[in-house]
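User: I'd like to go through this protein model with you. Can we start with its aromatic rings and then look for pockets?
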Amino acid sequence: CLDEEGKVHEFDSRWRTEDCNDCSCSKTGIGCCDSYMTPGDYDEEKCESIFNKETCSYKVVEKDDHSKECPVHSWVG
């Protein structure tokens, strides 16, 4: 399989892209999906979600104090 960056992958191989997508190669082609969950239900007035590209994960924190995490009631992914 040839990915969008021009790199060749063997059949039945798996890899993670720089954009945090998990991809796999099969004889029918390449399939990719997000490797992370997105926060869906939290107090958006008081809190904000921050994506960490190194860990491929979101953290939901208070806008005024990033050291305080906010409760998240649902995740999508």
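User: Which residues form one aromatic cluster?

Analyst: Keep in mind that this is a predicted model, where local features need pLDDT of at least 70, side-chain atom pairs count only at pLDDT 80 or more, and totals for chains, interfaces and linings use all residues. Residues are numbered from 1 along each chain as its sequence is written, and side-chain values use heavy atoms, with hydrogens and water left out. Rings of Phe, Tyr and Trp (its six-membered ring) pair if their centres lie within 6.5 Å. The one cluster is made of Tyr36, Phe51 and Tyr58.

User: What kind of aromatic pair do tyrosine 36 and tyrosine 58 form?

Analyst: Planes under 30 degrees apart count as stacked, over 60 as edge-to-face and the rest as tilted. These two rings sit 5.9 Å centre to centre, with 65° between the planes. So the pair is edge-to-face.

User: Is tyrosine 36 buried or exposed?

Analyst: Buried means under 20% relative accessible area, exposed over 50%, partly exposed in between (1.4 Å probe, protein chains only). Tyrosine 58, at 25%, is partly exposed. Tyrosine 36 has 17% relative accessibility, so this residue counts as buried.

User: How many charged residues are in the lining of the largest pocket?

Analyst: A pocket is an open set of points on a 1 Å grid where a 1.4 Å probe fits, with protein on both sides within 12 Å along at least five of seven lines; lining residues have an atom within 4 Å of a point. Asp, Glu, Lys and Arg count as charged. Besides four nonpolar and three polar residues, the lining has charged ones, and they number seven.
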